[in-house]
Amino acid sequence: MVFYRSFYEAIKELPLDVQAKVYSAIFEYSLNFNEVELSGLSNTIFKLIKPQLQANNKKYENGKKGGKPIQNETKDE
């Protein structure tokens, strides 16, 4: 899981109860792939963060495939 400074900077300005909900939603989504039901400000913040979490997960899943196969190159001599 990648956690960006921009996430922290945005969340730290929120009231503590909202911070807890957003952090919990981020960790639950990133680590367990479960979406937590949110409302209000916590939902708004999570909606802004979720696309980046999805992109990071996609990169992770693609990386597990091993990357681009090495192709044999034949040289004319």
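The model is predicted: local features require pLDDT of at least 70 and side-chain atom pairs count only at pLDDT 80 or more, while totals for chains, interfaces and linings use all residues. Residues are numbered from 1 along each chain as its sequence is written, and side-chain values rest on heavy atoms, with hydrogens and water left out.

Residues 16-32 form α2 and residues 40-64 form α3; the two pack at an angle of about 30°, and their axes are 10 Å apart. Axes here are lines fitted to C-alpha atoms, for helices over the stretch in contact, with angles from 0 to 180 degrees between N-to-C directions. Helices are DSSP runs (H or I, at least four residues), numbered from the N terminus.

## Residues at the helix contact

On the α2 side, Val18, Lys21, Val22, Ala25, Ile26, Tyr29 and Ser30 take part; their partners in α3 are Leu41, Ser42, Ile45, Phe46, Ile49, Lys50, Leu53 and Gln54. Contact means heavy atoms within 4.5 Å. The residues of this contact comprise ten nonpolar, three polar and two charged. In this division Ala, Val, Leu, Ile, Met, Phe, Trp, Tyr, Cys and Pro are nonpolar, Asp, Glu, Lys and Arg are charged, and the others, Gly among them, are polar.

Ile49, in helix α3, counts as buried because its relative accessibility is 5%; buried means under 20% relative accessible area, exposed over 50%, and partly exposed in between (1.4 Å probe, protein chains only). Leaving aside neighbours within four places in sequence, Ile49 is in contact with Phe7, Ile11, Val22 and Ile26. Ile49 and Ser6 are 43 residues apart along the chain, and their C-alpha atoms are separated by 9.4 Å.

## Aromatic pairs

Six aromatic pairs are counted, the rule being that rings of Phe, Tyr and Trp (its six-membered ring) pair if their centres lie within 6.5 Å; planes under 30 degrees apart are stacked, over 60 edge-to-face, and the rest tilted. Tyr23 and Phe27 form a stacked pair, at 6.3 Å centre to centre and with 15° between the planes. These two residues of helix α2 are four residues apart, so about one helical turn separates Tyr23 from Phe27. Ring pairs also link Phe3, Tyr4, Phe7, Tyr23 and Phe27 into a cluster. Phe27 is partly exposed, at 36% relative accessibility.

## Individual positions

Gln19 is located in helix α2 and is buried, at 14% relative accessibility. Not counting residues up to four places away in sequence, Gln19 touches Ile11, Lys12 and Leu14. Phe33 lies in the loop between α2 and α3; although not a glycine, Phe33 has a positive phi of about 60°. Most residues other than glycine have a negative phi.

Lys59, in helix α3, is exposed, with a relative accessible area of 59%. The C-alpha atoms of Lys59 and Ser42 are separated by 26 Å, the two residues being 17 residues apart along the chain. Pro69 belongs to the segment after α3 and is exposed, with a relative accessible area of 62%. Between Pro69 and Asn57, twelve residues apart in sequence, the C-alpha to C-alpha distance is 21 Å.
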